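Please read the following account alongside the sequence and the coordinates.

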Amino acid sequence: MSKKVFEHPVAQPGEPTGPQYWRSLEERNKSPEFRTRAEREFVDGASQITTVERREFLMLMGASFGLAGLGLAGCREPRTHTLPYAKQPENTIPGIATFYASSFPGEFANQPLLVETHQHRPTKIEGNPSHHANGTASSKFAQASVLDLYDPDRAQASYGANGELLSLAASRDFLRSLSAEAKANGGAGLVFVARPSTSPTRARLVASLKSNLPQATWIEYTPVAQNQAELALGYRVLPEYAVARRFLSLDADFLGSGDGMVEATRAYASARRADSAEQAEQMARLYVVESTFSITGAAADHRLRAGSSQISALAALFAAEVLAQTGKGSEAAALRSKVSGVKVDEAWVKECVADLVAHKGKSVIVAGNHLSVEAHRAVQLANDALAAPVKYLASGVKVTAALSAVKSAKTLVILGGNPVYDAPADVNVAEAIKSAAKVVRWGYHGAAFDETSAAVKAAGGVVLAASHYLESWSDGRTLDGTYVPVQPMIEPLFPTLSELEVLSPFAGVTQEPYALVRETFNGLSANKSDEAFAAWLAEGVLAKSSYAVITDRLSTLPSGSFAAPELSETNLEVRFVPSIHSGDGLYANNGWLAESPDPLTRTCWENVILISPKMAKRLEIEPEPMVINEYIGALNRNINQISAGKLLCRVAKITVGGATIEGPLFIMPGLADYTLGLQLGFGRRVAGRVATRVDERLAGRITGNGFNVYPLVETAQAAFRAGVKLTLVAKSVQVCNMQDHWSMEGRDVVREGSAEDFKKNTNFAKLGIDGHAPAVYGKDENLSPAEKAITTPRGNSAYEHPDHSVAPNVAVWKGHEAEFPKLQQWGMSIDLNTCTGCNACVTACQSENNIPVVGRDQVLKGRNMLWIRMDRYFFDGREKPGMEIPTDPQVTFMGVACQHCETAPCETVCPANATVHDDQGLNTMAYNRCIGTRYCANNCPYKVRRFNFLDYNKHEAGHYYEGPLGPAKLPKDPADLPQLQKNPDVSVRMRGVMEKCTYCVQRIQEAKIHQKAHARNSADIRVPDGALKVACQQACPAEAIEFGDITDPHSRVAKAKASSRTYGALTYLNTRPRTTYQAKLRNLNLRMPGAILLPLSRKEMEGREGHGATHGAGHEVGNEHASAPHGEAHHQ
Amino acid sequence: MRKLLEFLNRPASRGNFFSHSINAAPLQIIVCLLITGVVVVAAINEYATNKYLNVGYTPDQPVAFDHSFHAGPDSVLGLDCRYCHNFVEKSGHSNVPSSNTCWNCHSQIKTDSPALALIKRSVETGEAVRWVKVHKLPDFVYFNHSVHVNRGVSCVECHGRIDQQAVVGQQKSLNMSFCLDCHRNPELVLRPLDKITDLSYKTAKPEDQVEQGTKFVHDWKVNPPQSCSGCHR
């Protein structure tokens, strides 16, 4: 019998197919190199040894066996010890996690958190559901912050002016003497540089500092100011995202970046859910005007590209249109006359505003924080005219001295941040440090790993080690001002000081931070009792403590004018955005963030210069058409060029006002034509082991990942800068990019439609390829999801499906099976409609499941270990022959982890039975059985299995290949610090073992055990819905993920799966995935220019509904299509 | 076979250096190797297991705590297991008691006994006592005490008669088949919840245990996990 080769269904000639989605330009162009790469089981290089020669390999192997022989000397395992507490601490039960309420300190807003600790060792960050606006969600930065606590490169001691070690007591003495000295002359010449903070206690200390030392200067500086508009206006503008149904974002990435991202996403998502025609009618609509591609832009229904330098003027134009359409003609004309130099599609503005006005009271314009204050005033006028749901809050924020004031410092105190690295080019902080007589630096990284600390040490200053927020007392306020604690849950790992401890001597107070926080609490809380304080710490939020709403504010026409510079090929603009990997550079040494791919570019470990397709073509780096495709014609794709399976980018030089930087060019469809996107936070000169290149470090050099953008930043132009020239450099570099790793080869896995389509046919997602392929459930199609899950029906298959849920498998139950309640069956539903691609789930998964960080060189080999692959698909349905790279694609995100197929292809090929089904529908991985054949990864159609090619947990990056001869991470080695973060409930995997999403089996087991242990001698053993949340679900700000028992029709997941938008990916393979998706909806305004084409897959969707020309349009659309006989009939 | 023997015993040709009998050597070597192989495999199978390597492992402890004196109804003091291992019903780990648990009583009695010097020092300095671990499961096994003791499985099933041991040693093999035996036939071990820590408990007649266990399995809906995910994560 010959081997049967499965052919994925392909469309017949003349038959419209599903939309063509693509994850990279190579995939879109179907380049031969992409094909060969996609067809490989692993990325080229992933399964080959490249750095070690054969002889060397044999030598190492010999040595390994020798050492293994030594290890066999004793037959029994080594003697181990149990060390109980000498005195049992209160509320601590070994083996049970304790959760502490705290918050993630932000510069604009704190994120309320619950921190999971295992015997007082913080291991995982969760959102605090007591704060309803956040729920259980948290951002990826908050998730990753627990790893920073165990940063092996963090400052572990303080050093004095002569480099001598300072004990904690000596550090405090030093600060006291310094403040006494300053007190003598009223603080003249004393300058503080700190990061902004939301802490009322710190604000109190700063106030007393100012009265204690009236001559001292207090500077708050951050390179990515989130409160710029707030400072200029004097109050905080907080749109009520949950109330509004029409949003217009003007260069505001409220879903993607900033401290308010979780609250905004959660509220926005709640306005986006639609499972019926009525709900689709009520669905929110998002208009975005922006220059670079942001998360918010990717979520937009209608997106307008415009340079950032034009958007302030555009804001005035939109505001004028709103005024005009709400009957304020004279004001509108006055405002419009101030605007000059803007080129924009008038129809876009008009129709967009018409929609906003039509939803008066439920529409809001969100202005980017970096827009001019005049633009903000214009937007407020418009919002007033729209009766927009916006709260104006008295946040009490105060303008501080500018950073340029450091020049006058005699005594300079630098608190946190890293101003030597991230200060604008026009302020020379390094020079100020040199010229000051005394410098004190309080920082998280010492002189070896931080530019500012290094400069301070070189200038003979004092470098004090900072505590992590999980080690210190403080407080803060959330986006709306709710008062939240920052409480320690572990003794400081090293002798370090908190910011409050450093500040208090200068403020003339002697209390400990705990007492200071208590005092602040007394000032803010109505109930000042100890019980109230304890309740606040336990709950994590103080009720009714939000900022007061302002009623009287300035509401007049802005006085200034709005002139937009004209951008061109020779006058480009650069837009600076904080990197998703390192923020503004503060998180640069965090491995989880460094390795989690950028949602839109899918790059990691470095930054790139984003360039629009139009500009890329104009650069004429080319022209060497490499791909000739019937749809696209000859295409120059030399910029994002693939060579030997690696992304190779041309290097370019950016020059503006005398400053020059160099970096790789990355074509980004959807970028404004003359905007270059630059991510801050890379190219560190003095930094830790994650922020710098391993290969360079082993060669004795320090080279930061990526390139430094700060030389282009100026105080007045911190968000964008025009007048930029771009020139090519005659070289190319490899860029670390995951976009084509684990490709699904363009198969029809993404489904989307417009809300209009959905209202007509709520079942649109069920069609498509499932209609073409043999029906998977055949005659059993109409069983309920519960029956399908429990019985594994055979359908029309000739083979009998093994029943995985043979419960109960206990001798006594034989013959009495019916008396036993059916086991719960776990399943997941992911709503693509609310998912914004923010990556919080990816980091949460990594944190929960002990997923190792592999490093840049390993990612380049295709060995990344992330269990959730957040796929980003581009699509442009306007493609026609001869068309170039699309400039206005639409974007869809799809998180793919193990689908837990009921008939899993991986299980049948495992020779060791290491991956098998359990009786509750989980596709389990028994690591101790796995022998690393990798057959399962080869046979997985979803490409979600990850293999430990090397011992990522045992050895340090750069030493993976040396085996037992390389430096091991010793328990005393600081490199081993991150091991303290490991979740004790999950095995740490070793080399040669396959792994993948387990549906957080440890949490499932914990929930079951908890339920059974409390059931005792009763039969109440079913885990109630909601008692169990998996890590990605818990972290998701959009609440896009539901998980639970699919046999319970009342569970949230069963309801989600019952949605008419639900579909499974590649179900025609009869994999029967337990994870299903809910199709994305785009809420279109059909009056908008070009909307008739949107979503760009609309045409294909229509073809799909009618099965195209070959099958005629006479078919009724609906359920009938998914039914078995129908689907089969088509294939005869 | 006959032909083979004939071939092996065929007369040696004149002038051969080796004797005639050498022709049988290859077969003898193969047979010997086979026997050796079988014996080695069987031996490893039998002896390189927990049953032989770990059962009876009785390490000396830093403090010679005598369970048979303190614990169980037949002992001198008659303490319940949960007096010291107090989190066993709540947590996956059954905790080794902290030093101050010892000091609850020993601050009153035998306070200055040299046998208790380490405990005394621990209480005074806060330094932990380094007890030697006896029952050790591999790192990839996640055993949970609370779910067992709350659902009718006694300590004695895995630990044996600790209440009769002066020095604690491992009495059961604790390998995977040991676990699965019970998970497949829980009716053989389930007992009333008030008898969990009564290590000497037995039903009146041995066959009563099956009857009682079967009733508990039915009433409590007992279905111990047998999938990998039950214990391996």
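Leaving out residues up to four places away in sequence, A:Met925 touches A:Ala914, A:Thr915, A:Cys930, A:Met994, A:Glu995, A:Lys996 and A:Thr998. Two residues are in contact here if their C-beta atoms, placed from the backbone, lie within 7 Å. This is a predicted model, in which local features need pLDDT of at least 70 and side-chain atom pairs count only at pLDDT 80 or more, while totals for chains, interfaces and linings use all residues. Residues are numbered from 1 along each chain as its sequence is written, and chains are lettered from A and ligands numbered from 1 in the order in which they are written.

A:Met925 belongs to strand E36 (residues 923-925) of chain A. Helices (H or I, at least four residues) and strands (E, at least two) are DSSP runs, numbered from the N terminus. Is A:Met925 buried or exposed? A:Met925 is buried, because 29 other C-beta atoms lie within 10 Å. The cut-offs are 20 or more other C-beta atoms within 10 Å of the residue's own for buried, 12 or fewer for exposed, and partly exposed in between, with C-beta atoms placed from the backbone. A:Thr915 is 10 residues from A:Met925 along the chain, and their C-alpha atoms are separated by 4.6 Å.

The contact between the two chains takes 49 residues from chain A and 50 residues from chain B. On the side of chain A that touches chain B, strand E1 (81-82) and helix H31 (1001-1015) each supply at least two residues. H31(A) gives the most to this side, with 6 residues. By class, the residues on the side of chain A that touches chain B are 25 nonpolar, 14 polar and 10 charged. Ala, Val, Leu, Ile, Met, Phe, Trp, Tyr, Cys and Pro count as nonpolar, Asp, Glu, Lys and Arg as charged, and the others, Gly among them, as polar.

Strand pairing also links the chains. E1(A) is joined by 2 bridges to strand E1 (residues 131-132) of chain B, and the two run antiparallel. Two strands pair if DSSP finds at least two bridges between them. A:His81 has B:Val132 in E1(B) as its bridge partner.

Within chain B, helix H6 (residues 99-106) and helix H7 (residues 117-125) pack with their axes 9 Å apart, at an angle of about 110 degrees. H6(B) is therefore roughly perpendicular to H7(B). Axes are lines fitted to C-alpha atoms, for helices over the stretch in contact, and angles run from 0 to 180 degrees between N-to-C directions. Angles under 35 degrees count as roughly parallel, over 145 as roughly antiparallel, 65 to 115 as roughly perpendicular and the rest as oblique. From H6(B), the residues B:Ser99, B:Asn100, B:Cys102, B:Trp103 and B:His106 meet B:Ile119, B:Ser122 and B:Val123 in H7(B). This contact of H6(B) with H7(B) has 4 nonpolar, 4 polar and no charged residues.

H11(A) contributes A:Ala316, A:Leu317, A:Ala319, A:Ala320, A:Leu323 and A:Ala324 to the contact, and H12(A) contributes A:Gly329, A:Glu331, A:Ala332, A:Leu335 and A:Arg336. Their contact consists of 8 nonpolar, 1 polar and 2 charged residues.

Next come two covered elements of chain A. Helix H18 (residues 499-507) is largely enclosed by the rest of the structure because 9 of its 9 residues are buried. A:Gly508 follows H18(A) and has a positive phi, near 75 degrees. In strand E34 (residues 890-896) of chain A, 7 of 7 residues are buried. One face of E34(A) holds A:Gln890, A:Thr892, A:Met894 and A:Val896, the other A:Val891, A:Phe893 and A:Gly895, and both faces are covered. E34(A) pairs with strand E33 (residues 869-875) of chain A in the antiparallel sense over 7 bridges, and A:Arg869 stands opposite A:Val896.

Finally, 3 strands of chain A form an open, antiparallel sheet in the order E2-E3-E4. Strand E2 (98-104) and strand E4 (121-127) stand at the edges with a single partner strand each, so one side of each is left without a neighbour in the sheet. The twist averages 35 degrees from one strand to the next.
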